[in-house]
Every structure is written in structure tokens, then in C-alpha cells.
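Here is a short briefing to read alongside the sequence and the 3D view. Please take a look at the structure first, then come back for the details.

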Amino acid sequence: MTMIDLAVTGGTVVTGAGEKSADILIHDEKIVAIVPPGEHHNAAKVIDAAGKIVLPGGIDVHTHFLVGFMSCRSVYDMFSGSVAALRGGTTTVIDFALQRKGRSLMDGLRHRRTQADPFVAVDYGLHIVVTDVNDKTLAEIPAVIAAGVTSFKAYMTYEKEGLMLNDGALLALLKAAGREGLLVGVHAENDKIIVYETAHHLAKGDISPRFHAVTRPPIAEAEAIRRAVSLAEAAGAGIYIFHMAIGREVPNLRAARARGLPVFAETCPHYLVLDDTSYERADGQLYVMSPPLRTPDDQAHLWAGLADGTVVAVGSDDASFSAEAKTTDADSFATTVNGVHGVEFRLPLLYTFGVETGKLTLPQLVKVWSENPAKLFGLAPQKGSIAPGGDADLVIIDPARTTRLTTKSHFGPLGYNIYDGMEVRGVPVCTIRRGTVVVENDEFLGAAGEGRFVKRKLPEFALS
Ligand code: URP
Ligand code: ZN
């Protein structure tokens with residue numbers, strides 16, 4: 001009989017294809033079999049998951065650990081970000097390596113790996129943020145693929161911060177990526193509109209957090225998304241819209257997909273459960289992220305897009321600036337550092353506000369939580385689902401357990417929680433990374449450096 005290190009028994013096992021009661025048998029980091037409950041095995045260790053739901057470990061393709069932005073530094077470094085991810089049931093993240101202007105893509109990648117490899121506790125991949133497109137950069141693409149990176153990120157805004165690619169550079173990048181089959185993700189906001197509106201409102205003394213949303217109006221995001229889709233179509237490339245807030249654009253993306261274009265959108269938990277009334281709060285600065293929070297109508301479109309597969313993933317966009325960083329020295333909305341935490345709460349928010357309200361089925365949750373991102377970002381079939389031969393990355397939730405989120409719910413000294421006061425279900429009771437229990441009842445049991453860099457394959461554009 002095959003040796004079994006760990007059996008997870010009696011739970012409701014969910015994949016994108018459906019749910020069933022089953023035992024999951026694990027050996028040497030891999031799932032070796034999924035058998036009817038109660039079938040005989042000689043597992044060295046058994047986790048009884050009766051009454052619980054067993055999902056694939058989460059894949060969060062949008063984290064910013066150990067990041068500096070707008071003169072602030074994230075609370076999470078590679079280790080603490082990993083712990084937060086694992087506590088939230090996410091076993092793989094894709095973070096970012098920055099190409100510095102005048103430097104190569106591979107320099108950026110090597111540098112980020114030296115920052116990450118000794119410290120990560122979660123498995124991880126990297127997108128390269130391209131800031132300098134030229135013939136030399138584009139000639140590096142085969143080496144980048146060989147090094148296990150198959151996606152880029154391009155900023156359509158943040159010119160002042162030195163991150164933006166102009167349309168010519170973006171088109172050149174898209175063409176090169178399209179030829180090699182890579183995916184280009186974009187932060188889609190129209191920089192010119194934002195710069196104009198910001199100057200206009202600051203001159204009038206409009207400095208409160210509310211003006212963060214006013215100066216980044218719906219058209220600033222919608223126009224950039226449409227432009228990105230047009231450029232990608234012309235270039236013959238696949239495109240991924242990071243952190244889509246403007247749900248009103250989902251019908252356009254749905255139409256683009258119906259025309260056969262490889263156009264994929266991600267949204268984030270905050271856009272699904274919070275709206276722009278948060279900017280009216282006394283602590284509205286804590287809700288400053290870009291794009292800004294929008295309206296309940298946008299939320300409804302985003303949920304519908306998740307259900308029908310137009311919005312293919314929920315990434316956290318975790319940028320863990322502390323309450324202090326977001327409020328001290330910020331003269332106005334314009335100097336408040338952009339970005340909020342979130343890596344730890346993707347699952348309870350999707351479960352509570354998606355599944356429990358009937359907006360998503362459990363298999364639909366699994367698709368946007370792990371399966372689609374795994375396929376789209378070249379991690380499948382090693383990761384993303386629950387199947388024999390795949391990595392034994394699992395998360396167990398207890399649907400009967402309610403948790404009240406507070407400013408102390410998450411890992412690390414953030415000093416605030418944008419979900420403070422919400423009652424949720426779906427907080428993981430156990431996270432298993434490649435067959436090892438790394439979180440049990442909120443306690444982290446792993447160690448720095450146990451996570452692995454995952455070399456990714458080319459994206460699969462045909463998502464089922
Ligand atoms: O406000 C945000 N989203 N901050 C993180 C950096 C980015 O824009 O991706
Ligand atoms: Zn962004």
C-alpha cells in the first residue's frame with residue numbers, strides 16, 4: 001500500500017467542477033488520491049474535516065510585500081506577508097519585481113529573488129513591472145521566460161512616481177509579449193485626467209479623502225481599460241486588468257471576451273464589499289487606494305462578472321501601509337499613500353458576501369480564488385485545484401464559525417482594518433502548504449524560507 005503522510009478526511013471537497021464528500025490522501029507534498037470517505041488508508045496523520053469545507057490553497061496574484069511607495073514602506077515584508085497570506089488560506093502569491101529605469105528586466109528579477117527567497121513562507125512567483133521599454137528590454141523576454149516569469153505589469157498612471165509606460169511603450173511591450181505568449185497586466189487609470197483633476201481640486205483647497213475618488217473619476221478608469229483592450233487587440237496579446245473597481249465596464253469586457261479576445265479582469269475584496277461612502281468617514285484616509293472605491297452599482301456588476309467568468313480572479317492588491325503611514329504627514333488625499341491591506345481576508349469576504357448571499361456558488365468561488373489564476377498565470381496543474389498529482393495546498397474552513405473582524409484580526413501592526421466590525425464566516429481553521437500544516441486556528445506553524453519560488457509556464461487563455 002502507498003505510504004500516506006497525511007489524510008484530510010470527511011470534508012466537503014470543492015473544486016471549480018463541483019463539490020463532494022471525500023478523503024484527500026497526501027504523500028511527499030503531493031495529493032496522491034481522492035477517495036470516498038472512510039476508505040481504508042494508513043496515513044501517518046489524519047485531519048478530521050467532517051462538517052468543514054476543504055478548498056484548494058488560495059492563489060493571490062496581486063501582492064505588494066516589502067514595497068516602498070509615496071515615501072512609505074509596507075508593514076509586511078516577505079516573511080510577515082507570507083504569514084498573513086497563509087493565515088488567510090493563500091498558499092501561493094505572485095508579487096512584483098521592479099525593473100528600474102536604465103536597468104534590465106533580469107536585474108530586477110534577481111534583486112527581488114534575493115529579497116524574497118530566504119524569507120518567504122508561502123510559495124511565490126513574480127511579475128516583472130516594466131518601466132523601461134526598449135530593444136534591449138524586449139530581447140530579454142526569452143531569458144525571463146526561462147527564469148520562470150510569464151507575466152508583466154505595466155502602469156498606465158503614476159508618471160510622477162516614475163512607473164508609467166506611455167502608450168507607445170505599452171504597445172511595443174504588448175506586441176513582444178503577444179509574440180511570446182506572455183500575459184501583460186495593467187494598472188488601468190488615465191494619468192492625464194488624474195493629474196489635471198488633482199491640481200484643479202488642490203488649488204480650490206479640496207483636500208479631504210473624498211477628493212481622492214473625485215479626482216479619479218469613473219472615466220479615468222474606464223477610458224484606460226478600453227485603451228488597454230484596444231492596444232492588446234492590435235498587438236495580438238492577452239491582457240489582464242489588475243484591480244478593476246469600475247464594475248460598469250464589465251459589460252464591455254464581456255463583449256470583448258465574446259469576440260474571442262483574451263481579455264481578463266481581476267477585482268479585489270475591497271471593491272466588492274466597500275463603496276465610496278467610506279471616504280466620508282473621519283478616518284477616510286485609511287481607504288485611499290487606486291483605483292478608488294466606487295458605487296453599489298459597480299459592486300453588483302463585479303459580482304455578476306465573477307459569477308459568469310468575465311472577472312476571472314480576486315486579487316488582494318495587498319499594500320500594507322500602516323494607519324500611521326496613511327495619516328501622518330499626508331497634507332491631503334494627494335499625498336496619502338495609496339494602498340490597503342487585504343491578503344488575509346480574501347476568503348472570508350468571498351465566502352460571506354459571495355457564497356452566503358447566493359452571488360457565487362462554492363465552485364465559482366474556487367475558480368476566482370485559485371483555479372483561474374493558476375491557469376492564467378502558468379501555475380496549473382501543479383497548483384490551483386485539488387487533484388491527484390497536484391501540490392497538496394489546501395485550506396479548511398468551518399462554515400459554522402463566525403468571526404468578528406477588528407483592528408487586531410490580522411497579522412502585524414497595521415493599526416487599522418478597513419473591514420473593522422464585519423462579522424464573517426470562512427476564516428481558515430487550517431492551511432496546508434505542500435502537505436504541511438502551516439496554520440492551525442490562527443497560529444503560524446511554519447518558518448521563514450520554507451516557501452519556494454515557482455517557475456511558471458506560459459498562460460492558458462482558455463478558462464473553462
Ligand atoms: O492603491 C494601490 N492599488 N496601491 C498599490 C500599488 C498599485 O497601484 O498597484
Ligand atoms: Zn496598481
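A polar side-chain atom of Lys-153 lies 3.1 Å from an oxygen atom of ligand 1, a polar contact, meaning a pair of N or O atoms within 3.5 Å. This is a predicted model, where local features need pLDDT of at least 70, side-chain atom pairs count only at pLDDT 80 or more, and totals for chains, interfaces and linings use all residues. Residues are numbered from 1 along each chain as its sequence is written, chains are lettered from A and ligands numbered from 1 in the order in which they are written, and side-chain values use heavy atoms, with hydrogens and water left out.

**Around the ligand**

- Two further polar contacts involve ligand 1: one of its oxygen atoms is 3.3 Å from a side-chain N or O atom of Tyr-158, and one of its nitrogen atoms is 3.3 Å from a polar backbone atom of Asn-338.
- On its own, ligand 1 exposes 260 Å², and the protein buries 97% of that (Shrake-Rupley method, 1.4 Å probe).
- The residues surrounding ligand 1 include His-62, His-64, His-187, His-243 and Asp-317 (a residue is near if one of its heavy atoms lies within 4 Å).
- By class, the shell around ligand 1 holds three nonpolar, seven polar and two charged residues; Asp, Glu, Lys and Arg count as charged, Ala, Val, Leu, Ile, Met, Phe, Trp, Tyr, Cys and Pro as nonpolar, and the others, Gly among them, as polar.

**Aromatic pairs**

- The count comes to ten aromatic pairs, where rings of Phe, Tyr and Trp (its six-membered ring) pair if their centres lie within 6.5 Å, with planes under 30 degrees apart counted as stacked, over 60 as edge-to-face and the rest as tilted.
- Phe-69 and Tyr-158 form an edge-to-face pair, because their ring centres are 4.9 Å apart and their planes stand at 75 degrees.
- This pair links distant parts of the chain, 89 residues apart: Phe-69 is in strand 7 (residues 68–69), and Tyr-158 is in the loop between strand 11 (151–155) and helix 5 (167–180). Helices (H or I, at least four residues) and strands (E, at least two) are DSSP runs, numbered from the N terminus.

**Backbone details**

- The peptide bond from Ser-290 to Pro-291 is cis, with omega near -10 degrees, and Pro-291 belongs to the loop between helix 10 (269–273) and helix 11 (296–308).
- Another cis peptide bond runs from Ala-380 to Pro-381, with omega near 0 degrees.
- Leu-66 is not a glycine, yet has a positive phi of about 40 degrees; Leu-66 lies in the loop between strand 6 (58–60) and strand 7.

Definitions and conventions:
A polar contact is a pair of N or O atoms within 3.5 Å; within protein, one must be able to donate a hydrogen and the other to accept it, and residues adjacent in sequence count only if both atoms are side-chain atoms.
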